[in-house]
Each structure stands twice: as C-alpha cells, then as structure tokens.
Amino acid sequence: MTHDSGWPPLILANAPNGATRTKADHPALPITPAEIARTAAEIAEAGAALIHVHVRDGEGRHLLDAAAYRAVTAAIRAEVGNRLVVQITSEAAGRYQAPEQMAVVRAVRPEAVSLALREIVPDAAAESAAAEFFAFARRERILLQIILYEAAEVTRYAELKSRGVLGEGEDFPLFVLGRYTPGQVSRPADLLPFLAAAGAGLPLWAICAFGPRENACALVAAGLGGHVRVGFENNLLAPDGRPAESNAAQIRRAAEGARGLGRPLADADTARAMMAGSGPV
C-alpha cells in the first residue's frame with residue numbers, strides 16, 4: 001500500500017461487543033461466533049483492518065477460554081480469510097486474575113492480543129511472571145497491544161519497557177479516553193495528557209473512546225498521527241446521540257473522517273507489518 005500523502009496508513013480497528021454488553025443494549029450486538037464473523041465481513045468491507053474479539057460463556061458472561069477463542073477465530077477466518085487481524089482480549093472483567101489471563105494467551109497463541117498494563121503487571125511483585133510471559137509472546141511473534149487508562153500509565157509503561165519487563169519489540173499502546181470521567185463520556189481533549197506523557201517515545205499508538213463524541217475523538221487522533229478503535233464495546237451511539245446502526249457504520253464514519261484528512265487506510269497486511277515494527281509509522 002502506498003502512502004504518498006505523507007501520512008502513515010491509518011489502522012482502523014473494531015471492538016464489536018465487549019465483556020458485558022448484551023442485545024438488550026443494542027439488538028445488533030454480535031455475541032455468537034457466527035454473529036461475530038458476519039460483523040467481521042461488514043467491518044472489513046467498511047475499512048477496518050483489525051477486529052478485537054470478546055467471547056462469552058453459555059450464560060452470556062465474559063469468558064477467557066482457548067476453545068472459544070479458537071472457534072470464533074475459525075469463524076472469522078472462514079468469512080474473511082486474512083483480511084482482518086484477529087485480536088483476542090485478555091480482559092479480567094472482574095472474573096479473572098493475571099495468571100489466568102496469561103494462561104489463555106499461552107494456550108491460544110493468537111495472532112494478536114490486548115493486555116491491560118494494570119492487570120498483567122499490577123505491581124512490582126508481578127514483574128517476574130510478567131517478564132516471562134512477555135518473553136513468550138515475543139518468541140511467538142504475537143502482536144501486542146498494551147492498554148493504558150490514564151496518562152500516569154504511559155509513564156509507567158515506558159519505565160517497564162526500559163527495564164525489559166515487557167520484552168524487546170514493537171507494541172501498539174491503546175489510550176482509553178474518558179474511562180474515569182463522569183458517565184464515561186469522552187472528549188477529544190482527553191487525548192492531550194496521554195500525548196504529553198508519551199512525548200516522542202511512541203511511534204505507534206491508538207485510541208478508543210466512550211459516548212457520542214467517539215468519532216470526534218477518532219478524527220482528532222487520526223489527525224495527530226494515531227490510530228483508531230471504534231465499536232459497540234465502548235460506544236453504542238452515532239455522533240448525533242441516536243443509536244448507531246451497526247459496528248460497520250462506526251467504522252465507515254471513522255474511514256470517512258480519515259479520507260477527509262487525506263489519510264489512507266491500512267489493510268490488514270499493512271497493519272500487521274506496522275504492529276510488528278516492520279512497516280511505516
């Protein structure tokens with residue numbers, strides 16, 4: 001993919017369901033492997049390069065399970081082939097602890113995984129186990145996304161990285177905008193403390209946001225050289241405050257914003273190269 005505009009290609013990711021939402025929240029929320037696979041086809045057509053996947057148990061609860069992850073990955077691949085990076089979550093969601101979170105990644109050996117820094121390395125006592133896990137993930141060439149909820153975590157991430165706790169290699173930090181704001185409603189300005197903490201030290205980063213300004217946050221991040229995750233996990237609303245039509249509609253809005261900036265979209269192979277540290281940033 002060329003990027004003669006001078007922009008690095010924009011990685012558009014979709015988080016279609018999350019750990020706790022149900023069809024009572026939105027009837028188009030995908031939960032089963034078949035539903036997630038259909039959503040994968042729709043978001044790939046709309047411009048996404050990555051899908052961030054949660055799976056559920058028989059009662060609809062958040063699940064970290066290797067067999068369930070293999071099933072949903074197979075369903076996605078059957079629908080779209082390699083047109084999307086398939087990223088599983090290791091989110092605790094109040095059900096799991098770090099050893100279980102790391103164990104499911106070891107069992108699945110996914111193409112990509114998201115890891116909340118505060119969950120996997122909550123304190124100094126957790127560093128040894130975390131270092132072994134990150135060394136495993138690097139050996140397996142798993143594409144790692146490190147989730148950071150506040151600016152102070154950006155500083156802690158850099159410090160752990162400098163000491164080798166997180167291993168050698170590229171990461172794809174995700175700044176979660178507005179997680180601890182009243183009502184979890186994000187604003188574009190929520191990005192500024194993260195960028196101030198990061199300085200020039202993060203060549204690759206992305207955002208996700210809550211509420212009807214999700215797309216505004218996405219557009220600002222794209223304009224500042226970052227990457228974007230949108231979808232029903234964090235936001236069910238269109239920019240006008242009405243219910244969003246679908247996950248694909250959220251992707252299309254972000255894609256249209258990128259085109260307005262003159263920024264090209266990354267396809268999945270370009271995203272893989274960028275996330276591995278071998279592509280344009």
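Predicted model: local features only at pLDDT ≥ 70, side-chain atom pairs only at ≥ 80, totals over all residues.
Local features are reported at a pLDDT of at least 70 and side-chain atom pairs at pLDDT 80 or more, whereas totals for chains, interfaces and linings use all residues. Residues are numbered from 1 along each chain as its sequence is written, and side-chain values use heavy atoms, with hydrogens and water left out.

Helices and strands are taken as DSSP runs, numbered from the N terminus, with at least four residues (H or I) for a helix and at least two (E) for a strand. Helix H2, which covers residues 66-80, contains 15 residues and extends 21 Å from its first C-alpha to its last. At the start of H2, a side-chain oxygen of Asp65 comes to within 3.1 Å of the backbone nitrogen of Ala67, while Gly81, just after the helix, adopts a positive phi of about 60°.

Burial is expressed as relative accessible area, computed with a 1.4 Å probe on protein chains only: buried means under 20%, exposed over 50%, and partly exposed in between. By this scale, the buried residues of H2 are Ala66, Ala68, Tyr69, Val72, Ala75, Ile76 and Val80. The elements that cover them include helices H1 (33-46) and H3 (98-108), together with strands S2 (50-53), S3 (55-56), S4 (62-63) and S5 (85-89).

Asp57 lies in the loop between S3 and S4 and counts as buried because its relative accessibility is 18%. Its side chain makes a polar contact of 3.4 Å with the side chain of Arg95, and, when residues up to four places away in sequence are not counted, Asp57 touches Leu63 and Arg95.

Asp171 is located in the loop between helix H6 (151-162) and strand S8 (174-177), and it is buried, since its relative accessible area is 1%. The side chain of Asp171 makes polar contacts with the side chain of Tyr157 at 2.6 Å and with that of Lys161 at 2.7 Å. Apart from neighbours within four places in sequence, the residues in contact with Asp171 are Arg138, Leu144, Ile146, Tyr157, Lys161 and Leu204.

Ala206 belongs to strand S9 (residues 206-209) and, with a relative accessible area of 3%, is therefore buried. Leaving out residues up to four places away in sequence, Ala206 touches Gln145, Phe172, Pro173, Leu174, Phe175, His227 and Val228. Ala206 and Met275 are separated by 69 residues in sequence and by 11 Å in space, from C-alpha to C-alpha.

Most residues other than glycine have a negative phi. Arg109, although not a glycine, has a positive phi of about 50°; this residue is found in the loop between H3 and strand S6 (112-116) and is partly exposed, because its relative accessible area is 47%. Arg141, also not a glycine, has a positive phi of about 60° and lies in the loop between helix H5 (127-139) and strand S7 (143-148), where its relative accessibility of 74% means that Arg141 counts as exposed.

Notes. Expected span 1.5 Å × (residues − 1). Contact = heavy atoms within 4.5 Å. Polar contact = N/O pair within 3.5 Å; in protein donor to acceptor, adjacent residues only side chain to side chain.
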